[in-house]
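The sequence and structure come first.

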Amino acid sequence: MNIGITCYPTYGGSGVVATELGLALAERGHEVHFVTYDRPFRLEHFHERVYFHAVEMAKYPLFEFDMYTLALTSKLVEVTQYEKLDILHMHYAIPHAVSAYLARQILGAENIRTVTTLHGTDSTLVGLEPSFLPLMRFALANSDGITAVSRFLREKTISTYQLDCDIAMIPNFIDTEVYAPRESCKYREMFAPNDEKIIAHTSNFRPVKRVPDVIRTFSKVLESVPAKLLLIGDGPDRSECENLCRELSICEHVRFLGKQDALVDILAASDLFMLPSQSESFGLSALEAMACGLPVISTSIGGIPEVNQHAETGYIAEIGDIDRMARYAVELFTNEAKYTAFSEAARRRAVDMFDIKKIVPLYESFYERLLST
Ligand code: GMT
């Protein structure tokens, strides 16, 4: 198949999933065309059968605001025509599903199939803005196929938007050969010179991620267990978090690592992952950690419990329950047998349920079904 993929080409989970899906599809012999405003960050190397088409923004003094949705539509039309695409797969509905709808109208419905994959806030937050809601509903109802990354997101979207059409659940995935535990990790000694326990957290530091909860929990853990905290990523809450570390006098135990490409090495050097989010449709970062053998302490929100299983691959607490999260962390750090069982279960669940080799074929069959109708 010839497949066009549009996503936000940033460090966010939806961009990562879209890019990894495209690369995996290309490895399986398909031709994949990324149509985005910038090159997705994981496409820095040459890959056979993978192409990148930049969306060009029209500039004219009259246009006070950028017209990205229209520029994307034009590029989708052009690429579909000249590269003979079969499928346009939009990741994150807004505004991509609208552009795909317009492109299909221009090209003729018989010439292309459109797929929208919902990732989270496109459905649970942005799409619910009263001014966006009718547009979102229309764009979804007019996609040839819709997928959601968790059961939670599937059900929430169907009920919120009162859709008649079905939504397929295809979970996020991970390459468990790349994301894997490592026997001796070069960073371990650097981060924890006295063999302290290492807690890790990755996110875009937006308020929904509740990074201050990670820091407060860590501060409590520190009262019982020598430990270090690694905070990976960057975003609007970072300064507040750095201040909080100063207030709690724990700066020497916390490292803000910023955006990192060496994520697997850092996770593999760590012992435990925390995801105390107040909104999460899936929690890809938790899956990445689990694949590296890290138990996860998370909230019970959204799709997280479909990934992290309470008392098996980690623990689940209510949003903001810092005392409980700290107790769970200390329990795992002081009970070696339990820690090992959880770590193995986390890795096993990532491999059994979410491995790239199992999930990518589900997208392939989804496309095939659409093309046969
Ligand atoms: O929804 C967002 O604000 C960002 C989005 C993204 O682009 O990273 O995250 C969502 O998609 C990820 C990949 O499918 C999921 O793992 C995240 O749980 C989801 N975020 C939220 O639902 C807040």
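## Helices α14 and α15

In this predicted model, helix α15 spans residues 356-371 and packs on α14 at an angle of about 25°, the two axes lying 6 Å apart. Angles under 35 degrees count as roughly parallel, and α14 and α15 are therefore described as roughly parallel to each other.

The α14 side of the contact is made up of Val351, Asp352, Met353 and Phe354, which meet Ile356, Lys358 and Ile359 of α15. Of the residues in this contact, five are nonpolar and two are charged, with no polar ones.

## Helices α13 and α14

Helix α14 (residues 336-354) also packs with helix α13 (residues 322-334); their axes come within 5 Å and cross at roughly 105°. A range of 65 to 115 degrees counts as roughly perpendicular, so α13 and α14 are roughly perpendicular to each other.

From α13, the residues Glu331, Leu332 and Thr334 take part, and they meet Glu336, Lys338, Tyr339 and Phe342 in α14. The contact of α13 with α14 has three nonpolar, one polar and three charged residues.

## Helices α2 and α3

Another helix pair is formed by α2 (residues 68-83) and α3 (residues 96-107), whose axes are 8 Å apart at an angle of about 45°. That angle makes α2 oblique to α3. The crossing of these two helices is right-handed.

On the α2 side, the contact involves Tyr68, Thr69, Leu70, Leu72, Thr73, Leu76, Val77, Thr80 and Gln81. Their partners in α3 are His96, Val98, Ser99, Ala100, Leu102, Ala103, Ile106 and Leu107. Sorted by type, the residues of the contact between α2 and α3 comprise 11 nonpolar, six polar and no charged.

## The two domains

How is the chain divided into domains? Domain 1 is assigned two segments, 2-173 and 355-372, while domain 2 covers 188-354. The centres of domain 1 and domain 2, taken over C-alpha atoms, are 31 Å apart.

The size of an interface is often given as the accessible area lost when the parts come together. Between domain 1 and domain 2 the buried area is about 1300 Å², and carbon and sulfur atoms give 56% of that area. In this interface, 20 residues of domain 1 are in contact with 17 residues of domain 2.

Note on methods
Residues numbered from 1 in each chain as written. Predicted model: local features only at pLDDT ≥ 70, side-chain atom pairs only at ≥ 80, totals over all residues. Heavy atoms only, no water. Axes fitted to C-alpha atoms, helices over the stretch in contact; angles between N-to-C directions. Helix = DSSP H or I, 4+ residues; strand = E, 2+ residues; numbered from the N terminus. Parallel < 35°, antiparallel > 145°, perpendicular 65-115°, else oblique. Left-handed = near helix turned anticlockwise from the far one by under 90°. Contact = heavy atoms within 4.5 Å. Nonpolar A, V, L, I, M, F, W, Y, C, P; charged D, E, K, R; others polar. Domains from an automatic or database assignment. Buried area = accessible area lost by both parts, 1.4 Å probe.
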